[in-house]
Amino acid sequence: KGKCPEDGWDESTIELFLHELAIMDSNNFLGNCGVGEREGRVASGLVARRHYRLIHGIGRSGDISAVQPKAAGSSLLNKLTNSVVLDVIKLAGVRTVTSCFVVPMATGMSLTLCFLTLRHKRPKAKYIIWPRIDQKSCFKSMITAGFEPVVIENVLEGDELRTDLEAVEAKIKALGAEDILCVHSTTSCFAPRVPDRLEELAVICANYDIPHIVNNAYGVQSSKCMHLIQQGARVGRIDAFVQSLDKNFMVPVGGAIIAGFNESFIQEISKMYPGRASASPSLDVLITLLSLGTSGYKKLLKERKEMFSYLSSELKKLADNHNERLLDTPHNPISLAMSLKNLDEANDAAVTQLGSMLFTRQVSGARVVPCGSVQTLNNYTFKGFMSHANDYPCAYLNAASAIGIKKQDVDIFLKRLDKCLKTFRKEAKREKSINEISDANAATEQLED
C-alpha cells in the first residue's frame, strides 16, 4: 500500500526485503554482461555490503524520480521511500500534503534546488524576502541560487523575536511583486527566535501571487511546526516545505525531503536535479521507518514533547538558582534559551568561555550567544549574529529537546552546566575579594601618606 507499517519490522525481515530488491538490479544478475560506463561495478566487497548491493542509485539523468530500466530494485526502493515518507509527513500533521521526494542533499542545497526551479516560472525575479534567522546554510541557499536576499528584521515581543509582517508587506510593495522570487520563511529555529507567522505570510503570498518556500529543517518532529504548515496551506499559499532527514529521522547527514501541496510543482523540482543521485539517504530513511513503524515514530514524538517539558522546568530551576531566568518563548516548541546577564556583565569573554567549558565537558549542541557579535556573509553584515537581531537585550544559552533525547541527556547537561556556572561565581567572588583588598591597601597607603 506504500504506507509505513504500524508495527516495526525486525532487522532480519528488513535485510531479506533489501536483498530481494537488490537482486532485481542488473548488476546482481547471474551472467550479466555490462559494456557501458555505469554498470554498478564495485571494487570493494565491504562497500557493496554496506549498500546492500544497491549500487545504481536513484533516478535517471533527466529526473531524480524516474525509473531506471536496469535497476528495477533501486527504482522500487526510491518509489517506496517517497511513499512511506509522505505517509509519515501526513501522520506528523500536514494532512493535505500531496507529494514529496527524498533528495540526497542536506536542507540548504535542497532549498537552493527549490529556488532554481522557481527561476523558470519567474524569470524577472531577483529578490527573496527572508525574515531573518541567523543560520548560515539557509542564507547561503539563496546566494548560491543567484538571488538577492532581502533581510526582514524581527520584532521583539516580550522575550520572543517574531515576524514583522508589516515590514514584509511594505518591502513587497516597494520592490514590486513581479521582481520577488518568493518569500522564504522558517519554522524550526533557535530560541528566542520563534517560528514565523506562517498563516499570515501565506495569506500575503496568496494576495500578491508570490511563491512561498518554507524551511522546516527539524520541524517534522514538532506538531506545532507541522500545524503551522498545514494551516498556512489551508488559508494561503505554501509552494514547498523542506526538511532534513538526519534531524527528524535520526539517520546520517546527507538527505532532505522536499514536499508540497501541488504535485506538478514538486515534480518540476525533482526534474531540476541534474543527473542520477545516491540512494544512501533513501535507503537509510526507509530502513529506519520500517524498523520503527508508525507506532515507534509516534512514541519518539511523544517522548520528545515530554522531554521538552522536563528540560523547560529543570532549566528554569537552574536559572533561578544562578539569578538568571529562562526566557519566555512559548511559541518555540523545540528550543529554549536561558539568560546569561550576570556572566555578560562580569566579563565580556565569560559568555564564550562558558561555551568552551561545556564543549570540553562533552556537552554538544548547547549554543552560547554573546551580545554584539558581527558576522559578514557574502558581503552582508549581520549585527548581533546568532541572536537573530541587531541588539537582543541579553546574552543567552540555547538548549533543545530534539527527537531521540533522553532524560539522562537532560540531567547530565544540567549537572555540568550548574558546575560551570558555579565555577564562574567562585572566580567572580575571588576577583571581587582581590579588588576589595587592593582598594583597601590603596586607601591605607593614602592615609599613611
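**View 1. Cys4 is buried, at a relative accessible area of 7%.** Buried means under 20% relative accessible area, exposed over 50%, and partly exposed in between (1.4 Å probe, protein chains only). This is a predicted model: local features need pLDDT of at least 70, side-chain atom pairs count only at pLDDT 80 or more, and totals for chains, interfaces and linings use all residues. Residues are numbered from 1 along each chain as its sequence is written, and side-chain values use heavy atoms, with hydrogens and water left out. The closest cysteine sulfur to that of Cys4 belongs to Cys100, 12 Å away and too far for a bond. Cys100 is buried as well, at 8%. The sulfur of Cys100 has its closest cysteine sulfur in Cys114, at 12 Å, again too far for a bond. With a disulfide defined as a pair of cysteine sulfur atoms within 2.5 Å, the count is zero.

**View 2. An open sheet of three strands has the order 10-14-11, paired antiparallel.** Strand 10 (335–339) and strand 11 (367–369) are the edges; each has a single partner strand, so one side of each lacks a neighbour in the sheet. From one strand to the next, the twist averages 25 degrees. Strands pair if DSSP finds at least two bridges between them. Helices (H or I, at least four residues) and strands (E, at least two) are DSSP runs, numbered from the N terminus. Five bridges join strand 10 to strand 14 (residues 396–400). Leu336 stands opposite Ala399 in strand 14.

**View 3. Helix 11 (residues 280–321) lies across strand 10 and strand 14.** Helix 11 runs at about 0 degrees to strand 10. Helix 13 (residues 350–360) packs on the sheet and touches strand 11 and strand 14. The direction of helix 13 makes about 170 degrees with that of strand 11. Axes are lines fitted to C-alpha atoms, for helices over the stretch in contact (heavy atoms within 4.5 Å). Angles run from 0 to 180 degrees between N-to-C directions.

**View 4. Helix 8 (residues 223–235) has buried residues, among them Cys225, Met226 and Leu228.** Their cover includes helix 3 (72–92), helix 7 (198–208), strand 7 (212–215) and strand 8 (240–244).

**View 5. Phe241 and Phe261 form a tilted aromatic pair.** The centres are 5.6 Å apart, with 35 degrees between the planes. Rings of Phe, Tyr and Trp (its six-membered ring) pair if their centres lie within 6.5 Å; planes under 30 degrees apart count as stacked, over 60 as edge-to-face, the rest as tilted. Phe241, in strand 8, and Phe261, in the loop between strand 9 (256–260) and helix 10 (263–272), are 20 residues apart. Phe241 is buried, at 0% relative accessibility.

Technical notes: The expected span of a helix is 1.5 Å times one less than its number of residues.
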